[in-house]
Amino acid sequence: MILLTIVSQNPSPSPVGVPGAGIFTQPFLLSLIVWLPTIAAAVIATVPNPRGRYDVAMKQIAFFTNMGVLALLFIGYNQFENFLPTMQYEEKLSWLPAIGVTYHLGIDGPGLVMLVLSGLCGLASILASWGVRERVRSYFCLLLLAETAVNGTIVARDTFVLVLFWGAAAIPLALLILGWGGPRRAGAAWRLLGYWGFGTAALALGVFALYRFTGGQSFDFDALLKPGLSPRIQLTVSLVMIVAAATRLPLFPLHGWIRDVLGEAPPGVVVLVAGAATRLGAFLILRTVIASEPAAGHILSPLLAALAALTVGFAGLAALRTTDVRHAGAYLAMVPGGITVLGFAAISPLGIAGSVLSLFTGGLAAGLIAGVCATLAERAQTRSLAVLGGLAPRMPNIAWLLTIAAMALLGVPILSSYSAEVMTFFGAFKNQPIGAFAVAAGLAVSAIALAVLLRRVLFGSPNPDAPGVSDASLGETWYLGLLAGALLWVGLFPGGPKIPGTEVPLFDPGLITQMSAGISDISSPYVAPTPSTAR
Amino acid sequence: MSEIVLAASGAASGTRSAGFTFDPSTTLPWAVPLLLIAPFAAFVLALSSIRTRRSASAMAMFGTVVTLLLTLLVAWGLSRRSTPYVATYQYINMSVAFSGPTNFQAFTIQLILHVDHLTVVALLAIEICMIAAIGWHSVMGRSEPGAARFHAVITALLFACSGMLMSWDLAELFGFWAIGGAMTYLLLAHRWGLDEAASRARVALALPFLTDLSFLCGIAWLYARYGTQKLDALLPILHTNPGWTVRSLVVGSILLGVGIAGRLALWPFISWITQTSVTTPPAASAIAQSAWSIIGIVVLFRLMPIVVASNVQTVRGFISASLVAAIAAPLLSLLGNEPRRAIALAGSSAVAIAAAVVMNGFQAQSSTFAIAGVAAVLAIALARAGAVLAVASIAAAMRTDDLAEMGDASRRMRTSSGALLASVAVMVLSVVGALGFGINSRSPNGFVLGEAVLLCAIAGLRVFMAASFGPLRRRRAFEPDRVRETPGALGWPYWIAAAGATFVLASLFSGWLNLLDGQSHKAASPAAFLTWVGVAVLGFAAAGFGYATVRDGAIAASAAGGRLLGRVMAIVFGAIDRFVIGPATDVARRLGDGIPAGDGAVGRVTTTSGRLALAAARLPAMPVVIVLAVVLALVFALVAPGVAR
């Protein structure tokens, strides 16, 4: 708030020399990003397609829509003002004034990070779905609708709208699994609907409770989620929100859907779910618990640390024990979520900043590991680890991508997950040392599970009885390479590349630079006082 | 990059006065970053260029030699400087808070390239080891699979080693540490395709990963208390930062100590070296042992001020742990007849002795003792690599990994046998040099260290004696007369041992120690040297006498001890597997299956209730309403005051 005062008194000039600066003077950028996929879905749904003649055109519409969203995001990302702690690109229209519902959108640094992640995962999911042959129209319609729901959840600043978008994501994804999934797709789809529906109910319960406790005037975030609520209400609502988030991220023990969903869904859906949709759980904790209810944040931080440790430990052990490569990928995709939550549990500025960065890196790493396992299982024509073996020479692209995914999960330097994990751990050791140790131990188990997976699948002795294998197709390489490339880019240039000899950004102002907007404000209730000298 | 290019062009286009007035220190701004860039470029080229064995080997050798030349150039540039050269590049800089303690308001990770004489000498030692190992492997590792991968990983490890030695920011140090750890695992697990190699390599991942996590936790713990991870900023505020406590320093020191001990492969963290000693390519094992010895001791030397700042008990605890490691490793080495494992354990003992010398030096506030320990490890590392390569040559020629089946190498493989002897001698005499500088042989620590030197000498020499003397017996499909040196490979262990001997000789002079840490030290007394040399000679004599008189009996006793140890370890690991790993993974499996099964039951109940609701909807309305009214009336009647209560 101090910074806000300074900024309002001494307005800083808009960033110059940055591509896209000054294009969006009217606030409609977020609506475009949210609704463009829906418009494209409507187009795909209505254009005539006799005997599937225009299937490729539909794929192209979906692809170029996502490219358009990414272009909009690129402009918004460059125009984003990282020194402002407030929401940016805000849009506010009255929708249901009788109950105080507004169409209110806006993003700050963490929101921008999530939008970039969602954009990348959206494009990756389209590329991963290029091989879809059956009911192409329906498939891409549903995929674009799911993207809208994810993006809408990220930018919603009205809790009523948030609940709608949050709940809406489950339906197209469940239909996608039901229509294009593996042999056990029915169970997976129902499980997704059940868990996410339960989470939506919990979120709605929390939102309506807040609405009731704050006087029933408005559903707006700014009115509903404010630190002035009594600690008892904060605690109750935060617990409900954590349950809602735990069904989505997922956190142990509400993770029951992830194995079947990531094990049965087509690769395009896997990337969208593991990469972007699941990160919404952590984003919800950030928005509704950490940023808005500091009293509850302080009280519940040990619970969050315990959930993080249990999630990472369970995921590692389960991946170690499973005999299904897609299940292993699904379990391992839970690990980044645990690390993100550990940063929130740290309730320190650095831990929260690390968690925000880990939303991005963890989403990419989870999408990559789950996606590469799904693609590998398709290309190897089996998902049994007892059958797979010695594939590295025969599928070098997938071998490299699986290795990069493993390194990203473990936070090996050069990849951006290193920065996120270092920040999270550095932040966590102040307030949650036991939780941090436990998560570190869980990471060690995950490392062993990854080593076993790599050895069995890639480097073990080839199995002569295994079915024939082929390397990833161009589209598959591109979609996995996109995720790996993003991890590498942010790892190499977290502050963005600069014009040599200057501090002027070349074309990317740097994800870490941009994400810092608003983090100081979010973490201000958790700043430790200057300690006194004592022994 | 642009700064490096500018520095290079500046150095090249300086004003020319009469005559050749080249100032080597002007090369530092571009030569120092190139120490990182050169091995990384070699790594990329080795990965992406022609993937034949010869080209990969040549590329790795080329990259390592270029790095060696750059190191020599940097050493020349530093020769006229009394202060280290420091270059700083920003990696992460973000503001995270606007209030609270100032050191926690921003988070910064910088690539600080801090080059001093110790850095350069340590890097030179590592490069010598790597060049020898690559050269040896190009001949002896012809049949190894994945040549491109192997050599690419070696260059990446060199990149990480350069980074670790130059790092002055602990987060940066951990970054390079993690890369080095990952590359070491890939080297040790190189023979993925073989089941035994792959299963043994799991230890090489799990154990160092745990200790690396401890190292990360230590850094994070210190950051959480001090708000900085830059060494030059951290060390001065260890006792002045508001809120510091002895407890926090003790915990941080222990975590860092465990992390370093894991990579130094001190007992009990040595199994990642010993378990893979046979199943990994010998060159990989040699590189892992030598490079991490040097990295570990240099990092320990730099972080010891943190340990010393905690309290006296912690330093004593560290020294005691080193002494135990120094005694336990050679004792374990005597049990079993696998020569590479025995050499690894003897080397670990030597490193533990040197580490104890370093810690003792810091405890006694004497920098001479400390740097003498570091100087000793520089020689030990070379000797370990030489010994591993020499004994691997012998084992390959005699086609056995059992000392009982070896023999007569002094006649049939004279160079390898001589290199093995020289390496063992260098290993033991280097610790003698360090001890001579400052450990009182009459002190309790001196007594234990004397025991350790004695055992280390016995453990090292017994391998030489068993392999070099005695009959080489005929076995099935093995003809002793065909045993001979492999042309092209025989020189590498010899030269690396010679380099180690040079380091040992240098470490005996105080001028070498002055050069390494930039301080002035007194020369050690010849009497002290002679005392410790006497202990080592006693150990050599004991081993020599024992193997000269009852060779077969000694080998049989070792074999029996090895079998016993194997049984004990099998019981211990079996118990761990049965009571820890098994139940834990079983719980995870049951949960993984049980939770979906449980929610499936919830789903079925939900479906059934939905069906019932649908069935109820089809019933005639009036009777249902009447039944419901009756049920509700009964409930209200029972709840209402005065009826049931």
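pLDDT is the predictor's confidence in each residue, on a scale from 0 to 100. In this predicted model, chain B averages a pLDDT of 89, and 95% of its residues score at least 70. For the complex, the predictor reports an ipTM of 0.83 and a pTM of 0.87.

**Confidence within chain B**

- Among the elements of chain B, the lowest mean pLDDT, 56, belongs to helix α1 (residues 2-12).
- The highest mean pLDDT among these elements, 96, is that of helix α11 (residues 282-310) of chain B.

**Contact between chains A and B**

- Chain A contributes 59 residues to the contact and chain B contributes 48 residues.
- On the side of chain A that touches chain B, the elements giving two or more residues include α1 (2-9), α8 (185-213), α14 (294-321) and α17 (349-380) of chain A.
- α20(A) gives the most to this side, with ten residues.
- By class, the side of chain A that touches chain B comprises 37 nonpolar, 15 polar and seven charged residues.

**Helix pair α16(B) and α17(B)**

- The axes of helix α16 (residues 414-438) and helix α17 (residues 444-468) of chain B come within 9 Å and cross at roughly 175°.
- Angles over 145 degrees count as roughly antiparallel, and α16(B) and α17(B) are therefore roughly antiparallel to each other.
- Residues making the contact include B:Leu420, B:Val424, B:Met427 and B:Val431 of α16(B), and B:Val453, B:Cys456, B:Gly460 and B:Phe464 of α17(B).
- The contact of α16(B) with α17(B) has 15 nonpolar residues, three polar residues and no charged residues.

Key: Residues are numbered from 1 along each chain as its sequence is written. Chains are lettered from A and ligands numbered from 1 in the order in which they are written. This is a predicted model: local features need pLDDT of at least 70, side-chain atom pairs count only at pLDDT 80 or more; totals for chains, interfaces and linings use all residues. Axes are lines fitted to C-alpha atoms, for helices over the stretch in contact, and angles run from 0 to 180 degrees between N-to-C directions. Helices (H or I, at least four residues) and strands (E, at least two) are DSSP runs, numbered from the N terminus. Angles under 35 degrees count as roughly parallel, over 145 as roughly antiparallel, 65 to 115 as roughly perpendicular and the rest as oblique. Two residues are in contact if their C-beta atoms, placed from the backbone, lie within 7 Å. Ala, Val, Leu, Ile, Met, Phe, Trp, Tyr, Cys and Pro count as nonpolar, Asp, Glu, Lys and Arg as charged, and the others, Gly among them, as polar.
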